[in-house]
Amino acid sequence: MASSNYFSPQRANGFPDKSRATSSLPTYSSAVTEKMHRHSRSMSWTIPVSVPIPGVRSRRLRLFMPNTNRIRQINISHFGRRRGPILLCVVLIASIVTVCSFARRFGAEEKQWTPNFGESSTLVFGRDDLQRIWKWEIDSGHYPSNAKIPEQVGLSSPPLNPALPPRKVPTIPSRFRPPPGPVATTTRGDGPRRVYLDVQSLPPNVAYPPRPVPGSVVDLDIIMDHCDFSQGKYVRDCLEVLRIGAGLDNRKRLRRGEMDEWKYIYMEQEKENFTDPFTDPILIANPIVPPRSLASSGEADPNAGLRKKAGVDWETQLPLRAPLQHTPYSSLPSPCDPENPRLFHMFWTGPFTDKPYLALLSFLFTQNVGLHLKDGDTLNVCRPEFWMWINPGPAASVPNPSALSDMYEGLKTNPWAAPFLHHRFKDVIKFKLWNTTDQLDGIPELKDEWRELRETLFNSGGHIVSVPAEKSESKSAEVTSTVTPEDSTNSTDADPSTKPSSTGDNKSDEDDMLNRTGSKSSSSYDRLSVILSDMARFVLCHRFGGIYLDADTIFLRDWEELWGWKGAFAYRWSRLEKYNTAVLRMNKNSALGSFLFRTALKNGLDFHPMTVSRYTKDAYLEGLLLRLPDALFDSAWLNTEYYQRERPPQPYFQEFSDFFDTPAQASAAPQALGFEGFFQGAFSYHFHNFWWKPFDPSRNWPDLGPRFLAGERAARAAAEPDIDPEDATDRVADDKRDLDWATVLKRTFESYIRGERPNMYGEWLQW
């Protein structure tokens, strides 16, 4: 007989006994108790509501909402069941109409209902200028995208886009024509057609990935489809698309099937049997949503719907040069386009350290600069250049007349910088002296007015550091904050040590702030140089063109395809729909650049990325400064902020410090996987400051071989003062057992310079 535990007890009639379920109805001791309980709840004007808090699973937020039952009870008791609800609706509608009428009658002309509650507008240009900026950028080939143009711009007809291919003529012409709408939000392709490439290594050269095809272009519309965090895309999946689409998998492809959806690199070819079926301009019935009349004059407002900055007048018409002509790479007379110079800019203050040293090494290791060719051989591609801008003194100081010669003398004697003065690198790495006055005078939009803002020149997100006119007489700095601490962060990370003390005891810290030349620790952060670099990146890109990179950036692959995309871009600030300008691409003397400088001039010359995000958003120009996914340049950021940790990329960093101090449980990966296992597919990595952390603690000196032995010995003597560099012996036993990611990358780049291995594309350095 089976155990009774597997059977329900039976009743006398032979049927199993059904357990009685507990009733979910409330129980009361008496009718009076139930009546009082129900009456007390219905008499309250508010009821508590508990809602979950995003990101905090163990806590809930308690809100008090209006008690609709109470309102309904009072309404019915006074006006009856039929008239009560009707009267309530009438009162609600009348209230809304009254509020709107008062706002329309007494509100200022520039005040409009917008979703940007809580933030003041930064807009100083009217709709006519915004349309001219859009048209200039599109005509110049700087908008090779199918993304929509905001309706608020009010374009009357779709502009011709020379950077987009035309639509192919259908075999049977369609009778359908899109009905005229209020505004145009698309462009009409009128440029070369695109041929998407299947980039792979060909046997027998399959050990290394192939160099990108010269003149190839990355389709950032496709990248956005696969990588946009707002659409729920994962960094891990994005890197796989970037990796396979560029052929970085080196014939080790595990995916099966068609890869057409992951092809994001194309070549431009001349038009052939391609034309836009709509050859005539499409006239729009109402180019702009009918504006309301001004109460004063009764005239139509051309800027209706735009929210102007309070207290300023609309700017006069923005002067723009003639649009550029978009020319595909195959039609250029030489590999380099003079209107799109391939310049990497980097800004550095103070003595040269291992941080810009590694950035330059990664540049040589990844970019197609022709170091694998012997002297006299020609490189049939446009060779990029790296311009390292040196600010020799504190950010607030004025360079002396001998600053340029002093800069080179300092570089020659600095073991981290001296190797890059070698004649082999003279055509690709160039050191430039930064002079704030000369640079600002070189910006036509600023040169006549920026001196009026000298006292507030160091402005970052409203966090202003006032530098005295005569720093030799007064070395105090008055720090005023007009925003929240969250908004006053710099382009990488905030430093709490720069906040003013309410007791006035931090005078010495403020004195140090004016004289700092670089960040030597987390407690001595060079805030002024960071604020200056926020502005310097826009100045350099607008004056000279190219791409700006923060000094805490490491190249991970060739940027050939990114140079082909002629539009401006930065990347996303982690989870926020804001810019991070640690990577910034802008075109030389562009309409977008002119807009940004004139807008910044009217907003305190604030170039903090959060503020720049407001400039473009208020003017509906975000599409002209594309906000790329951070997976391309900052693949670890979302993980460090607790996002996508269930499916992280490789490697998995929970904190940015994991790059320098890799956790023990993951410390086998750096040596086992090497450079190829470090966010493969991304264009670069941003390690977010940590200027004071050495990349290689056990060998904290440049290790570039016999050609640079003098500098190595000098740096080694500084790192190991108790050991004579000439008597020093390298032993494996003295090395760290588990090498961190930072150490592996540094030693990989150095071994390429020493001639012990090729670069990431299998090319050996020729001296």
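The largest pocket has a volume of about 830 Å³. A pocket here is an open set of points on a 1 Å grid over the protein atoms alone, where a 1.4 Å probe fits, with protein on both sides within 12 Å along at least five of seven lines; lining residues have an atom within 4 Å of a point. The volume is the space filled by probe spheres set on the points, which are joined across faces, edges and corners.

This is a predicted model, so local features need pLDDT of at least 70 and side-chain atom pairs count only at pLDDT 80 or more, while totals for chains, interfaces and linings use all residues. Residues are numbered from 1 along each chain as its sequence is written, and side-chain values use heavy atoms, with hydrogens and water left out.

Back to that pocket: 42 residues line it, and Glu 577, Tyr 579, Glu 622, Gly 623 and Arg 627 sit nearest its centre. At least two lining residues come from each of α4, β16 (568-573), β17 (576-586), α13 (609-618) and β18 (625-628). Helices (H or I, at least four residues) and strands (E, at least two) are DSSP runs, numbered from the N terminus. Sorted by class, the lining has 19 nonpolar, 11 polar and 12 charged residues. Nonpolar covers Ala, Val, Leu, Ile, Met, Phe, Trp, Tyr, Cys and Pro, charged covers Asp, Glu, Lys and Arg, and the others, Gly among them, are polar.

Now the cysteines. Taking a disulfide as a pair of cysteine sulfur atoms within 2.5 Å, the count is two.

| Disulfide | S to S distance | Torsion about S-S |
|---|---|---|
| Cys 227 and Cys 238 | 2.0 Å | about 85° |
| Cys 336 and Cys 382 | 2.1 Å | 110° |

The Cys 227 and Cys 238 disulfide is right-handed. Cys 227 belongs to helix α4 (residues 220-227) and Cys 238 to helix α5 (residues 235-245), 11 residues apart.

Cys 336 is partly exposed at 34% relative accessible area, whereas Cys 382 is buried at 5%.

Counting bonded cysteines along the chain, the pattern is 1-2, 3-4.

Notes:
Buried means under 20% relative accessible area, exposed over 50%, partly exposed in between (1.4 Å probe, protein chains only).
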